[in-house]
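Look at the structure first, then read the points by topic.

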Amino acid sequence: MADPAEVSLSVESGVGTITLDRPKANAYTVDLLQRLLDTVDAADGSADARVVLIRSALPRFFCGGADIKAFASNATETNHRLVELARAVVARIESSGKLFVAVIRGHALGGGLELAMGCDLRWAAAGEYLLGLPEVKLGLIPGNGGCVRLPRLIGPSRALDMLATGRSVTPNEAAAMGLVDRLIPVDGFDDEVAGQAQTLASAAPLAVAAIKRYLRESQGLGLDDSLALETRCVEPLYDSADAAEGLAAFVEKREARFTGA
């Protein structure tokens, strides 16, 4: 029987949208993750997409992580392949110069939350769904960066509590602890996401890529090395067409029109 997994990409007005659609929970399979990796590649390579949203077509789930029934019956090598692909998806997102935003309107659990944490930003709708890493309840720990990224986002003590108990949190709790960056009312959610995405898409692409590079490579560096990295990130921008445009727009009191050159 064919896997019903569907991953699509659309691009409009500088905003790319990757949509996951594998009922009932967008649960991970090798097929779904391979399609997602290919789609992330396509979005990253699209000259028309400046910011990329990852969202779900399903009403109740952003992503439920691994298909546990399949995971339990798979050969170990299949599960290794599953985890390798999940890691490759997040690695591609993090290495991209473009901003990736997880748009969450339903449960984000296990690998689904790891996917969201691998994005640059997380925008969540208010609601009654849950976000969590319940792997400990299966005798496991997160395998795609959950143990690394969660404490960076919410601090080690809160992360330990969630990881060791497998406890999930509501969107309100997630926003309060910094797990999601924006908590948006359900009414007007799509319009707010579209507006915020347009704001990001209008930013200078080279500067955004430099910011992502700095944040990625500065982890664990001391002050002197961090300052040196910041210098390496900013110096190529001085002679860019975008910098010239930004300065001219400021002087002329108009909106800048950045091209990524």
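Strand 6 (residues 107–109) pairs with strand 8 in the parallel sense, over two bridges. Strands here are DSSP runs of E with at least two residues, helices are runs of H or I with at least four, and both are numbered from the N terminus. Two strands count as paired if DSSP finds at least two bridges between them. This is a predicted model, in which local features need pLDDT of at least 70, side-chain atom pairs count only at pLDDT 80 or more, and totals for chains, interfaces and linings use all residues. Residues are numbered from 1 along each chain as its sequence is written, and side-chain values use heavy atoms, leaving out hydrogens and water.

**The sheet of three strands**

- Leu-109 stands opposite Gly-132 in strand 8.
- The open sheet has three strands in the order 4-6-8, with parallel pairing.
- Strand 4 (61–63) and strand 8 (131–132) are the edges, as each pairs on one side only.
- Helix 4 (residues 111–118) packs on this sheet and touches strand 4, strand 6 and strand 8. Contact means heavy atoms within 4.5 Å.
- The direction of helix 4 makes about 95° with that of strand 6. Axes are lines fitted to C-alpha atoms, for helices over the stretch in contact, and angles run from 0 to 180 degrees between N-to-C directions.

**Strand 3**

- Six bridges join strand 2 to strand 3, and the two run parallel.
- Gly-16 has Val-52 of strand 3 as its bridge partner.
- Six of the six residues of strand 3 are buried, so the strand is largely enclosed by the rest of the structure. Buried means under 20% relative accessible area, exposed over 50%, and partly exposed in between (1.4 Å probe, protein chains only).
- Val-51, Leu-53 and Arg-55 point one way; Val-52, Ile-54 and Ser-56 point the other way.

**Helix 8**

- Helix 8 (residues 189–201) has 13 residues.
- Its buried residues are Phe-189, Val-193, Gln-196, Ala-197 and Ala-201.
- Seen down the axis, the buried residues of helix 8 fall within an arc of 140°, so they line one face. The arc is that of the directions from the helix axis to the C-beta atoms.
- Asp-191 and Thr-199 are exposed on the other side of helix 8.
- The cover over the buried residues of helix 8 includes strand 2 (15–20) and strand 3 (51–56).

**Cysteines**

- The structure holds zero disulfides, a disulfide being a pair of cysteine sulfur atoms within 2.5 Å.
- The sulfur of Cys-63 lies 11 Å from the closest cysteine sulfur, in Cys-119, too far for a bond.
- Cys-63 is buried, with a relative accessible area of 0%.
- Cys-119 is buried too, at 4%.

Note on methods
Expected span 1.5 Å × (residues − 1).
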